[in-house]
Amino acid sequence: MRHALGLAQRGLGNTWPNPAVGCVIERDGRILGRGWTQPGGRPHAETMALAQAGQSARGATAHVTLEPCAHHGKTPPCAEALIGAGVARVVVAISDPDPRVSGRGIAMLRKAGIAVTEGICAQEARAQQRGFLTRVTRGRPMLTLKLATSFDGRIATASGESQWITGAEARRHVHALRSSHDAVMVGGGTARTDLPALNVRGMGSLRQPVRIVVTSRPLPDLPPEGPDHGPLWPVAGDIGEVMAELGRRGLTRVFCEGGGILAAQLLHAGLVDQLIGFTAGLILGSDARSASGALALRHLADAPRFRLVETRRIGADLMHRWLRD
């Protein structure tokens, strides 16, 4: 199952509105076929793995990171494909809360006489599927807020200069993070001041993230859509409704890169699921621009709190990743 989770990881940021799933077909420890959800969401992981396994899939075990789908969409149900291939057993990490599936895939397999084992590596699978699960259960995508700051929590000098607070290694890592999300989001102020490309560079050929600018004012001339830039979506309104609209459009994972006003809006509304900080060893002082706008907190207990899950040195900078409980 951990092998299947590693395969699923390859699809993050490339499969929306579908989940990124991994599948490994094996018998007696020998891998017969493996697959992961392809860009755009099709073919599905099970289809890829079954095609590779061929006739040897009969009597084998399939390990799948998410319950096989049970509904007819643009492709036939994966549960039917596994049944037709004659697998003897299916191991599932977590069930799919999508109302079109929600236990039906597992029920189809068991009705066909296939043994099903559930809950293997469930915690890891839920963490990996957090974007898809959040969209299905909460109606919005998972949101990662990235902040690159000085040691004293500033994102730019008083004059607005911000390039570059962190080093080249940290910036390369940010591109990898962008590639694992469906969309990159900034506020209108950041778009007008920095004219950011909001794309993934130096990672080879891949599906570029959607570029989202939260603004009610006309945008400057950002780079046009094309192979090196994803679609540009200007959105406006209450930040909660903006996130709900992004969910309705099919996005599952959004990577927000500020600035401070948008960060404060998201934090105040309780919409930040993951916080990733890159801290550099320089001090900008109290007159520099803060990483977050005003939150109007009256009590410390009202402050948004996150749980530390990872720290790592990247070049000369420190990366720290936090999750909302």
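Helices (H or I, at least four residues) and strands (E, at least two) are DSSP runs, numbered from the N terminus. The model is predicted, so local features need pLDDT of at least 70 and side-chain atom pairs count only at pLDDT 80 or more, while totals for chains, interfaces and linings use all residues. Residues are numbered from 1 along each chain as its sequence is written, and side-chain values use heavy atoms, with hydrogens and water left out.

**First stop: the second largest pocket**

Select α5 (122-128). This helix gives the largest share of the lining of the second largest pocket, 5 residues. A pocket here is an open set of points on a 1 Å grid over the protein atoms alone, where a 1.4 Å probe fits, with protein on both sides within 12 Å along at least five of seven lines; lining residues have an atom within 4 Å of a point. The volume is about 740 Å³, counted as the space filled by probe spheres set on the points, which are joined across faces, edges and corners. Now pick Ala127, Gln128, Gln274, Arg321 and Leu323, the closest to the centre among the 27 lining residues.

**Second stop: the largest pocket**

Move on to the largest pocket, with about 1200 Å³ of space. It has 50 lining residues, and those closest to its centre are Thr190, Asp194, Glu257, Gly258 and Gly259. Color α8 (188-194) next: this helix supplies the largest share of the lining, 6 residues.

Zoom in on Glu257, in the loop between β11 (253-256) and α10 (260-268). Is Glu257 buried or exposed? Glu257 is buried, at a relative accessible area of 15% (buried means under 20%, exposed over 50%, partly exposed in between, with a 1.4 Å probe and protein chains only). Show the side chains of Lys146 and Arg178: the Glu257 side chain makes a polar contact with the Lys146 side chain at 3.1 Å and with the Arg178 side chain at 2.6 Å. A polar contact is a pair of N or O atoms within 3.5 Å; within protein, one must be able to donate a hydrogen and the other to accept it, and residues adjacent in sequence count only if both atoms are side-chain atoms.

**Last stop: two tryptophans**

Finally, select Trp16 and Trp233, both buried. Their ring centres are 6.2 Å apart and their planes at 85°, so the pair is edge-to-face (centres within 6.5 Å, using the six-membered ring of Trp; planes over 60 degrees apart are edge-to-face, under 30 stacked, the rest tilted). Trp16 sits in the loop between α1 and β1 (22-27) and Trp233 in strand β10 (residues 232-235), so the pair ties together parts 217 residues apart in sequence.
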